[in-house]
Amino acid sequence: MANLILNKVKAGDLELKDKVVAINRVVKTTKGGRAFSFSALVVVGNEAGVVGHGLGKAKEVQEAITKGIEDAKKNLIKVPIMHGTIPHEQLSKEGAAKVFIKPAAHGTGVIAGGSMRAVLEAAGITDVLAKNLGSANPTNVVKATFKALASLREPIAIAKTRTISLKKVFNG
């Protein structure tokens, strides 16, 4: 798990939609008074299997969001989606945040909390069950969800590496 191979994607000519997950106001007290700055956690995706996340920091909210979008476009990955859901369940951890994502039947919808929901919807997953098991810190929850999606494997790739038929992968 330490050597996680990501399916990196270039932003290029993808039609990406962005979603602001969290905006944090930071105050630094100096001799001259208080200095405010903002950090914005942003998720971008094309709702067809490509998703990325980024963090932008600036003195103004809009600048922070813009920087977050640019950072997210540099961290795009391809997520395997089968019939609107994920191929298998996955548990992932980042800091104190632990997330569990599980495939769901068609028509279930995205059953997930705020930060996880933004990542899953941006990826284009329409049916999934997800649970945040640890900290609710939005940054770590987004990173853990991203790590879980990045470590998903397609059944075709599993069949190829194990040199067995696709039917045997599904039926055992």
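Helices (H or I, at least four residues) and strands (E, at least two) are DSSP runs, numbered from the N terminus. This is a predicted model, in which local features need pLDDT of at least 70, side-chain atom pairs count only at pLDDT 80 or more, and totals for chains, interfaces and linings use all residues. Residues are numbered from 1 along each chain as its sequence is written, and side-chain values use heavy atoms, with hydrogens and water left out.

- An open sheet holds 4 strands in the order 5-6-8-7, and its pairing is mixed; two strands pair if DSSP finds at least two bridges between them.
- Strand 5 (90-94) and strand 7 (110-111) are the edge strands, each pairing on one side only.

**Strand pairing**
- Strand 5 runs antiparallel to strand 6 (residues 97-103), with 5 bridges, and Glu94 is opposite Ala97 of strand 6.
- Strand 6 and strand 8 are antiparallel and joined by 5 bridges; Ile101 has Ala130 in strand 8 as its bridge partner.
- Strand 7 and strand 8 are parallel and joined by 2 bridges; Ile111 has Leu129 in strand 8 as its bridge partner.

**Helices across the sheet**
- Angles run from 0 to 180 degrees between N-to-C directions, and axes are lines fitted to C-alpha atoms, for helices over the stretch in contact, where contact means heavy atoms within 4.5 Å.
- Helix 3 (residues 138-150) lies across strand 5, strand 6 and strand 8, at about 140° to strand 5.
- Helix 2 (residues 114-123) lies across strand 6, strand 7 and strand 8 (128-132), at about 150° to strand 8.
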